[in-house]
Amino acid sequence: CSSDLKFGPNCKTANELLHKIHSGPAIGAFSMDIIEDGEDKSVMEFSSCPLVDQWKKLGCSEEEIGTLCDYASCGDFGLASVSPDLNLEFDELLSKGGKCCRMIITKK
């Protein structure tokens, strides 16, 4: 990515943004694994989520956890939004009963 910002605008490829996210401090906390590493499409799965774990411990309902997860994922969508050539989506979420959180980054 070309920028002085940590994640920076203008990542041109899906794997460029994926590796920026994968190299950050969250890699251990969220047990991130790269599943697909391509320029047009990259996929990463998070097999654990300390946020969901703590919300459960606090007694939050499934609906509340889903809403809190939506808010927390705004950070991920914000990182991707500075790269106009890329799209980010989650097709599976731990907070919605999935076996993982699957982040998919694709080139527009």
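Tutor: Let us begin with the largest nonpolar core, which has 23 residues. This is a predicted model, in which local features need pLDDT of at least 70 and side-chain atom pairs count only at pLDDT 80 or more, while totals for chains, interfaces and linings use all residues. Residues are numbered from 1 along each chain as its sequence is written, and side-chain values use heavy atoms, with hydrogens and water left out.

Student: What makes a set of residues a nonpolar core?

Tutor: Its members are buried Ala, Val, Leu, Ile, Met, Phe, Trp, Tyr and Cys residues joined through side-chain atoms within 4.5 Å. Buried means under 20% relative accessible area (1.4 Å probe, protein chains only). L17, I21, M44, F46, M103 and I105 touch the most other members.

Student: Which element gives the largest share of this core?

Tutor: Helix 1 does, with four residues. Helices are DSSP runs of H or I with at least four residues, numbered from the N terminus.

Student: Which residues of helix 1 are buried, and why are they said to lie on the same side?

Tutor: A14, N15, L17, L18, I21 and H22 are buried. They lie on the same side of helix 1 because they cover an arc of only 160 degrees around the axis, taken from the directions from the helix axis to the C-beta atoms.

Student: What does helix 3 meet in helix 4?

Tutor: L51, V52, W55 and K56 in helix 3 meet I65, L68, C69 and A72 in helix 4, where contact means heavy atoms within 4.5 Å.

How values were computed. Buried < 20%, exposed > 50% of the residue type's maximum accessible area, 1.4 Å probe, protein only. Helix = DSSP H or I, 4+ residues; strand = E, 2+ residues; numbered from the N terminus.
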